[in-house]
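Thanks for coming. I have one structure to go through today, so let me put it on the screen.

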Amino acid sequence: MTTKYTKAFHRIVIGLFSCGSCISWFRSLLRSSVRTAVCSLCVVAFAATFQPAATATEKIMPAEWKFQSWQDAEGWRDGSISRSGGESLGLRGINGGWSTTVPTKPGAVHTVRFVYRSEKAKGRIVLYVRDPSAARKVETILYKPLPIIDSNQTGQFVDGVYTGGADADGWIAFEGGAFIPEARTTSVNLLIKLRGADHDAKVWLDDVVVTVEEPRPIPDTAKLLFSDASGKVWAENENRKVLPSQKPPTGAPAKEIGISAAKGEYESFQLVVTPNREWKDVKWTWSGFTGPAELDASVLRCRRVELIPIEETYGPYGYKGLNPDPLTDPLPCTVPAGTNQAFWFTLQVPSEQQTGIYRTELALVPDAQTVLKIPVQLHVRNFSVSMAPSIAVTSHFRAPLALARESGPEDEVLQRYYRNCFDHRSTCSPGVQVGIRRRGDTVTVDAERYIEHLRFMRDELGSDHINVPSLWIGHAEGHLMPADAQWKGRTIFSNPELTVLNPEFEKPFRDYMGQLCERLKNEKLFVNPTVRFFDEPRFEDQATVNGLRTLSKLLLDIDPELTVSIAASYPHPGLIDVIRLWILHTDAWDRNLHWIEAARKAGCYISVYNNGINYPEHRPIRIRLWPWLLWKYGVDGTHSWWGMVCWRNEMADPWTAGRGSSGVMLYPPRSADEKGPIDSIRWELFREGLEDYEYMRLANDLADRLTAQSKLKSVQIGRDALAEAVGLVEKWPNVKAANDEPYTLDAGAVALARNRLAEAIETMQQELDN
């Protein structure tokens with residue numbers, strides 16, 4: 001049965017005025033079976049995908065909306081323009097907004113949504129939710145600025161909702177996301193501002209809706225394995241956190257641990273020890289697996305799950321307190337009485353392992369006494385997943401931050417970090433630089449060590465991609481291309497429009513890039529070469545667009561095989577002929593969908609940035625399902641600075657920083673006895689999700705091949721399994737605000753969907769072979 005998540009909720013509708021007719025209309029709506037209705041600005045449009053709550057829907061009318069101008073702005077009530085047939089709130093100018101007071105339910109999740117129309121409007125609409133009861137000052141608990149979309153920019157009608165632009169009547173949906181008022185907060189201030197680029201910017205607001213959601217039910221996945229007077233041992237799904245305060249499960253103990261994996265796949269599971277008295281020298285032991293072929297005990301690894309304190313959470317769904325995340329090797333360990341100590345097991349199935357059922361036995365040994373022996377059954381599937389991902393995955397790291405914390409030869413340390421990255425189905429660039437010595441217009445290139453590291457990545461790790469080091473231009477304030485940008489002390493551009501290159505820069509740069517590309521080709525390392533030189537440009541600035549085009553054309557003239565890439569909010573239509581790889585922020589996906597589709601039609605590659613998906617205080621399933629969204633949206637890759645790029649400033653010691661960071665998936669060694677990188681649960685689950693992606697790709701490819709051969713008996717099984725999996729993820733989550741969870745929270749449903757994909761792959765493969 002396909003698992004669907006439901007939302008039981010109360011809806012609080014923020015009307016723009018209070019009227020008896022609205023109250024009567026709303027009561028009649030509750031008595032009817034109609035899910036959409038219209039009544040002025042008090043309208044509520046019940047989403048077709050959500051079921052009404054069993055309890056009565058409560059409509060609370062807030063205080064009057066009030067307008068305020070901060071700079072050259074005006075506001076008015078407009079009865080001639082309304083989505084719902086009554087009136088809207090108009091805004092014009094540079095900086096002004098409408099605000100109101102909203103009653104809230106302390107501790108509950110609230111979401112905000114409204115629609116707007118625009119006219120000659122360039123700038124942003126900014127949503128603020130502010131807590132007036134915060135000590136000393138009004139605290140902003142939700143902030144979301146979004147660029148204004150023109151009402152003439154038509155979106156696409158997908159699953160009952162217009163995405164990427166305006167609906168047929170010119171109204172654009174603004175999804176504000178979620179916030180959670182603290183226990184003392186019974187009302188919040190809601191402010192919607194227009195930050196226009198000029199006085200003529202004009203928007204109308206309508207259908208403002210705040211939803212108070214009941215907590216989403218999350219099925220329990222913990223299973224008891226052992227219980228006596230000394231303590232308990234239990235299993236928890238790898239996609240669930242084991243918190244210090246979590247109570248162990250009850251009931252009859254499970255008789256074995258069952259796992260399945262494809263050939264070449266990693267598979268994780270976690271077991272938890274909760275002793276009633278202190279257990280010392282706790283360790284797990286096991287022997288090799290028995291089965292159709294030899295499977296050595298070394299394929300299974302056990303690590304201790306450690307806790308990090310999170311005092312400052314990001315977004316409303318973060319858990320404040322001790323969060324399980326780092327995975328460390330030192331065992332045995334001591335487990336105090338009454339505490340939950342989780343252990344993370346990682347199994348790597350060899351790529352050539354024979355299909356079948358394998359068995360071993362795990363023994364828990366505290367105080368040199370065996371208290372538990374639990375059978376483990378492994379089902380090795382009759383298909384393989386390649387170690388090289390079929391989607392481009394890049395996870396950068398900054399070598400100096402790692403080397404400063406490690407002992408031993410630098411190359412040995414860096415190779416350890418490279419291997420960790422590739423073992424997690426990702427790629428990275430070498431942590432060494434190309435030496436450049438310029439003399440006049442000629443350049444001497446020292447690339448020996450760089451080439452050596454590339455050879456290691458290719459020969460030992462299977463790298464099939466290279467990011468060629470060219471030049472890097474740090475953007476000026478506002479993400480503008482600086483007119484005085486330089487390379488090796490020479491100014492790059494000759495004019496303020498950034499359309500003409502300075503010959504004193506161009507000649508030695510051409511010499512450098514030409515030498516480097518030629519050397520890489522001679523070494524057979526010039527494979528799928530990409531190049532980046534700028535980051536997150538502001539496309540409203542024409543000079544910045546000009547500069548990007550000028551440098552891109554230069555690089556392609558030096559070597560046409562290069563693929564120029566850039567991280568941006570959307571693919572600029574004036575650049576898609578020279579910049580072919582676009583790394584996009586998913587927060588801007590819907591409003592730029594038409595530009596994305598245009599770039600795809602032009603043959604561009606679309607990748608996505610994912611830096612803000614992996615906060616340690618959030619539910620681990622958030623990162624497990626990120627690759628499922630990559631499949632759902634059909635992107636070509638994912639790109640991040642995950643790893644340890646934030647091992648600096650306030651995050652220099654992520655073990656004690658008290659907050660998460662979008663750049664920390666690995667932990668630094670804490671002493672000379674430890675060697676990094678130290679993995680996190682999130683890093684392991686990202687790999688699990690990428691392997692799930694391979695399951696989806698295999699199922700889809702087999703279904704296509706069977707269809708092409710008119711072997712249709714098992715095609716529907718594969719299509720249904722894919723649909724079930726994709727149905728567990730709704731849309732890209734808000735990255736910057738981290739204030740929504742548009743995916744299933746049911747870890748059991750994830751496991752079931754993955755299992756059905758595996759069964760469908762085996763069924764379709766068997767039919768294909770017959």
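I will talk about cavities and then about salt bridges.

A word on the source. This is a predicted model, where local features need pLDDT of at least 70 and side-chain atom pairs count only at pLDDT 80 or more, while totals for chains, interfaces and linings use all residues. Residues are numbered from 1 along each chain as its sequence is written, and side-chain values use heavy atoms, with hydrogens and water left out.

Cavities, then. Searching the whole structure gives four cavities of 30 Å³ or more. A cavity here is a set of points, on a 1 Å grid over the protein atoms alone, where a 1.4 Å probe fits but cannot get out, and lining residues have an atom within 4 Å of a point. Volume is the space filled by probe spheres set on the points, with grid points joined across faces, edges and corners.

The largest cavity comes to about 80 Å³. What lines the largest cavity? The lining is Leu 454, Met 457, Arg 458, Ser 463, Asp 464, His 465, Ile 466, Leu 525 and Val 527. Helix 4, residues 448-461, gives the most, with three residues; helices are DSSP runs of H or I of at least four residues, strands are runs of E of at least two, and both are numbered from the N terminus. By class, the lining has five nonpolar, two polar and two charged residues. Nonpolar covers Ala, Val, Leu, Ile, Met, Phe, Trp, Tyr, Cys and Pro, charged covers Asp, Glu, Lys and Arg, and the others, Gly among them, are polar.

On to salt bridges, meaning a side-chain nitrogen of Lys or Arg within 4 Å of a carboxyl oxygen of Asp or Glu. The structure has 47 of these salt bridges.

Take Glu 741 and Arg 619, whose closest N and O atoms are 2.7 Å apart. Glu 741 is in the loop between helix 11 (715-726) and helix 12 (747-769) and Arg 619 in the loop between strand 32 (605-609) and helix 8 (621-624), so this pair ties together parts 122 residues apart in sequence. Glu 741 is buried at 6% relative accessible area, and Arg 619 is partly exposed at 32%. Buried means under 20%, exposed over 50%, and partly exposed in between, with a 1.4 Å probe and protein chains only.

Arg 697 and Glu 694 also form a salt bridge, at 3.0 Å between the closest N and O atoms. They are three residues apart in helix 10 (residues 681-708), about one helical turn.

Finally, a network of salt bridges links Glu 238, Glu 265, Glu 267, Arg 624, Asp 692 and Arg 754.

Definitions and conventions:
On a 1 Å grid over the protein atoms alone, a cavity is a set of points where a 1.4 Å probe fits but cannot get out, and a pocket is an open set with protein on both sides within 12 Å along at least five of seven lines; lining residues have an atom within 4 Å of a point.
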